[in-house]
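Please look over the sequence and the structure before reading on.

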Amino acid sequence: MGIGLAVPEMLQASAHRDALQPIEVTDFRNVLSIWLVHGLLPGRLVRPVALMRDALARTLGLDRQGG
C-alpha cells in the first residue's frame, strides 16, 4: 500500500490501473527538488557530470546555482 503521483497518461497505460484508486486534491503544491550528488570525481568524469548538470539546469530553466 502506498501513495504515488502520476500524470493521467501514465495512469491510463498502467497494467495496474484497475487496482488503483485515484484521489484528487485541491491544495497540492508541486515543488521539485533535485540534487546532483557525487564524490570526488576522477578527471575523466568531471566534464560529463558538468554537462549533465548544465543540461538539467537549462531544461528546468535554472541558473547553475539552482536558483
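Predicted model: local features only at pLDDT ≥ 70, side-chain atom pairs only at ≥ 80, totals over all residues.

## Overall make-up

Helix 1 covers residues 8-13 and helix 2 covers residues 43-60, with a loop between them.

The protein has 67 residues, and 7% of them count as buried. The exposed surface comes to about 6,800 Å², of which 58% is supplied by carbon and sulfur atoms.

## The largest pocket

The volume of the largest pocket is about 610 Å³. Its lining consists of 15 residues, and those nearest the pocket centre are Gly 4, Leu 5, Ala 6, Pro 22 and Ile 23. By residue class, the lining holds 11 nonpolar and 4 polar residues, and no charged ones.

Two of the residues nearest the centre, Leu 5 and Pro 22, are 17 residues apart along the chain, and their C-alpha atoms are separated by 9.4 Å. Leu 5 belongs to the segment before helix 1, while Ile 23 sits in the loop between helix 1 and helix 2.

## A nonpolar surface patch

Leu 5 and Ile 23 also take part in a nonpolar patch on the surface, together with Val 25 and Phe 28. The accessible area of these four residues together is about 480 Å².

Are Leu 5 and Ile 23 buried or exposed? Leu 5 has a relative accessibility of 71% and counts as exposed. Ile 23 is exposed as well, at a relative accessible area of 65%.

## The salt bridge

The protein has 1 salt bridge by the rule applied here. The partners are Arg 53 and Asp 54, whose closest N and O atoms are 3.0 Å apart. A salt bridge is counted when these atoms lie within 4 Å. Arg 53 has a relative accessibility of 29%, so this residue counts as partly exposed.

Technical notes. Residues numbered from 1 in each chain as written. Heavy atoms only, no water. 1 Å grid on protein atoms, 1.4 Å probe; cavity = no way out; pocket = protein on both sides within 12 Å on 5 of 7 lines; lining within 4 Å. Points joined across faces, edges and corners; volume = space filled by probe spheres on them. Nonpolar A, V, L, I, M, F, W, Y, C, P; charged D, E, K, R; others polar. Buried < 20%, exposed > 50% of the residue type's maximum accessible area, 1.4 Å probe, protein only. Areas by Shrake-Rupley, 256 points an atom, 1.4 Å probe, with all protein chains shown as cover. Salt bridge = Lys/Arg side-chain N within 4 Å of Asp/Glu carboxyl O. Patch = residues over 30% accessible without salt bridge, like charges linked within 9 Å, V, L, I, M, F, W, Y side chains within 5 Å. Helix = DSSP H or I, 4+ residues; strand = E, 2+ residues; numbered from the N terminus.
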